Every structure is written in C-alpha cells, then in structure tokens.
Amino acid sequence: MKKAIPLALGLLLTVLGVVWALQGLGYIGGSSMSGKQIWAVIGPVVAAFGVALLYVTFRGPQKR
C-alpha cells in the first residue's frame, strides 16, 4: 500500500507531462494549450519529475 500512491502519482505526472509537451509542440490540437511554447517546456519537466518518482518508488529501500 505504501507504493500505491507514489506509483499512481508518478504515472499521472508522466502521462500529463507527455500530453502537455505534445500539445505544446502542436501534435495534439483542440486545446488552448495547443501550439504554445511554454507547454513544450513545462511538459518534459513534469514528465521528468514523474519518471524520477517512479524510479524512487521502484528502487525501494537501499541496503547498507
């Protein structure tokens, strides 16, 4: 249960970041975010945070 929340949050951030980046680059239309350069920058940053959270979640506790 401890891994469920960070896993879900990491997946959500990764998907949102990719969608925002694609909207910012103009590949996904129909939104006020489409074609806006700021979303092409914010999207990959958010996706990177999501991937980092997934990495930390799956890495687990380190043994010394």
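The following questions and answers concern the chain shown above, which is a predicted model.

Local features in this predicted model need pLDDT of at least 70 and side-chain atom pairs count only at pLDDT 80 or more, while totals for chains, interfaces and linings use all residues. Residues are numbered from 1 along each chain as its sequence is written, and side-chain values use heavy atoms, with hydrogens and water left out.

Q: How many helices and strands does the chain have?
A: Helices (H or I, at least four residues) and strands (E, at least two) are taken as DSSP runs, numbered from the N terminus. On that basis the chain has 2 helices and 0 strands.

Q: What share of the 64 residues is buried?
A: Buried means under 20% relative accessible area, exposed over 50%, and partly exposed in between (1.4 Å probe, protein chains only). Accessible areas come from the Shrake-Rupley method with a 1.4 Å probe, and for residues only the protein chains shown count as cover. The chain exposes about 4800 Å², of which carbon and sulfur atoms supply 71%. The buried share of the residues is 22%.

Q: Why does the span of α2 agree with expectation, and what is the distance between its end C-alpha atoms?
A: The expected span of a helix is 1.5 Å times one less than its number of residues. Helix α1 (residues 4–25) has 22 residues and reaches 32 Å between its first and last C-alpha, close to the expected 32 Å. For α2, the 23 residues should span 33 Å, which agrees because the end C-alpha atoms lie at a distance of 34 Å.

Q: Which residues of α2 are buried?
A: Contact means heavy atoms within 4.5 Å. In α1, the buried residues are Gly-10, Thr-14, Gly-17, Ala-21, Gln-23 and Gly-24, and what covers them includes α2. Conversely, the cover of the buried residues of α2 includes α1. Those buried residues of α2 are Gly-43, Val-46, Ala-47, Gly-50, Leu-54 and Thr-57.

Q: Which residues is Ala-21 in contact with, leaving aside its neighbours within four places in sequence?
A: Ala-21 belongs to helix α1 and counts as buried because its relative accessibility is 12%. Its C-alpha is separated by 8.9 Å from that of Gln-37, 16 residues apart along the chain. Beyond the sequence neighbours, the contacts of Ala-21 are Trp-39, Ala-40, Gly-43 and Pro-44.

Q: Is Gln-23 buried or exposed, and what is its relative accessible area?
A: Gln-23 is found in helix α1. Leaving aside neighbours within four places in sequence, Gln-23 is in contact with Ile-28, Ser-31, Met-33, Ser-34 and Gly-35. Gln-23 counts as buried because its relative accessible area is 10%.

Q: Which residues form a nonpolar patch on the surface?
A: Patches are made of residues with over 30% relative accessible area and no salt bridge, like charges being joined within 9 Å and nonpolar side chains (Val, Leu, Ile, Met, Phe, Trp, Tyr) within 5 Å. A salt bridge is a side-chain nitrogen of Lys or Arg within 4 Å of a carboxyl oxygen of Asp or Glu. Leu-25, in helix α1, counts as exposed because its relative accessibility is 54%. With about 420 Å² of accessible area together, the patch is formed by Val-18, Leu-22, Leu-25 and Tyr-27.

Q: What distance separates the C-alpha atoms of Gly-60 and Lys-3?
A: Gly-60 lies in the segment after α2 (37–59) and takes a positive phi of about 75°; Gly-60 is buried because its relative accessible area is 17%. Lys-3, in the segment before α1, counts as partly exposed because its relative accessibility is 44%. Although 57 residues apart along the chain, the two C-alpha atoms are separated by 9.1 Å.
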